[in-house]
Amino acid sequence: MGEQAARSTRNAAKRSAGAAPGKPAKPESHLAMVRRARRINRELAEVYPYAHPELDFRNPFELLVATVLSAQTTDLRVNQTTPALFAAYPTPEDMAAAVPERLEEIIRPTGFFRAKARSLMGLSAALRDDFGGEVPGRLADLVKLPGVGRKTANVVLGNAFGVPGITVDTHFGRLVRRWKWTEQEDPEKVEAEIAEIFPKSEWTMLSHRVVFHGRRICHSRKPACGACPIASLCPAYGEGETDPEKAKKLLKYEMGGHPGQRLSPPPDYPGSPAPPLGAG
Ligand code: SF4
């Protein structure tokens with residue numbers, strides 16, 4: 001990251017040197033924004049060639065359950081909870097027949113555990129009764145399952161079925177607005193506008209790269225602008241810490257030399273696995 005940080009600081013300096021002080025920059029055309037957006041995507045692909053979903057799963061059912069549990073909590077907390085959950089209830093049939101109090105106890109660390117337990121039992125029963133115990137691979141079917149919205153459905157389609165999908169979570173929404181790819185706040189409208197900028201084949205990996213960047217560098221409250229490899233392409237440069245040394249200290253997960261969120265990360269992940277529940 002040292003070299004990247006230095007490059008981005010130089011680029012940022014060049015950029016501000018070119019703008020006349022006090023004069024607003026010329027408004028960017030739509031075409032220029034699209035070109036810049038695609039360039040950011042290419043740069044992020046180089047920074048995070050290993051970008052991946054940060055939930056541990058071994059099959060579509062596990063991904064669906066983990067994604068429902070990930071509401072209002074971190075992927076790390078979900079990953080620390082699901083090993084016990086899937087050991088107790090490996091299939092939709094098992095989970096649909098769970099004793100609610102036992103299920104609630106297992107998923108308690110993820111928060112909102114009563115509502116989440118209801119969703120898990122409801123969606124498991126629907127999978128058992130309406131889909132032969134299999135997770136359906138169609139958006140229209142997925143969003144009918146209890147507790148499953150468009151975001152969850154897109155995560156499952158993109159990562160368990162290889163169907164391209166844009167996942168608009170809090171990180172994705174924040175970053176694409178910072179980058180002026182859209183001004184929309186509503187996730188469905190964000191999804192529709194971003195879908196116009198990129199070919200379908202990029203949608204799933206774009207989602208991972210943007211979320212990776214949001215979690216590691218472009219944080220909500222203190223973005224690490226001084227250590228950001230796409231600073232020269234970002235209209236929000238300066239919203240966060242611009243001092244390279246101070247910015248470096250804000251980096252998270254593998255970028256900051258810390259463990260990742262998955263207990264079982266993919267083989268190409270350059271960081272270390274997350275610790276199990278209670279170990280850290
Ligand atoms: S706001 Fe800062 S950290 Fe975020 S992308 Fe822009 S330059 Fe990078």
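Select the ligand and the 14 residues around it; Cys-218, Pro-223, Cys-225, Cys-228 and Cys-234 come nearest. A residue counts as near if its C-beta atom, placed from the backbone, lies within 6 Å of the molecule. This is a predicted model, in which local features need pLDDT of at least 70 and side-chain atom pairs count only at pLDDT 80 or more, while totals for chains, interfaces and linings use all residues. Residues are numbered from 1 along each chain as its sequence is written.

Colour the ligand shell by class: eleven residues are nonpolar, one is polar and two are charged. Here Ala, Val, Leu, Ile, Met, Phe, Trp, Tyr, Cys and Pro count as nonpolar, Asp, Glu, Lys and Arg as charged, and the others, Gly among them, as polar.

Next, colour domain 1 (2–16 + 28–52 + 166–256) and domain 2 (60–160), with bounds from an automatic or database domain assignment. Their centres, taken over C-alpha atoms, are 30 Å apart. At the contact, eight residues of domain 1 meet five of domain 2 (C-beta atoms, placed from the backbone, within 7 Å). On the domain 1 side, H11 and H12 each give two or more residues; by class, that side has three nonpolar, three polar and two charged residues.

Then select helix H9, residues 150–160. Helices are DSSP runs of H or I, at least four residues, numbered from the N terminus. Nine of the eleven residues in H9 are buried, that is, with 20 or more other C-beta atoms within 10 Å of their own, C-beta atoms being placed from the backbone. Among them are Lys-151, Asn-154 and Leu-157. The buried residues of H9 pack against helices H3 (60–69), H8 (139–142), H11 (187–197) and H12 (203–216).

Note on methods:
A residue is buried if 20 or more other C-beta atoms lie within 10 Å of its own, exposed if 12 or fewer, and partly exposed in between; C-beta atoms are placed from the backbone. Two residues are in contact if their C-beta atoms, placed from the backbone, lie within 7 Å.
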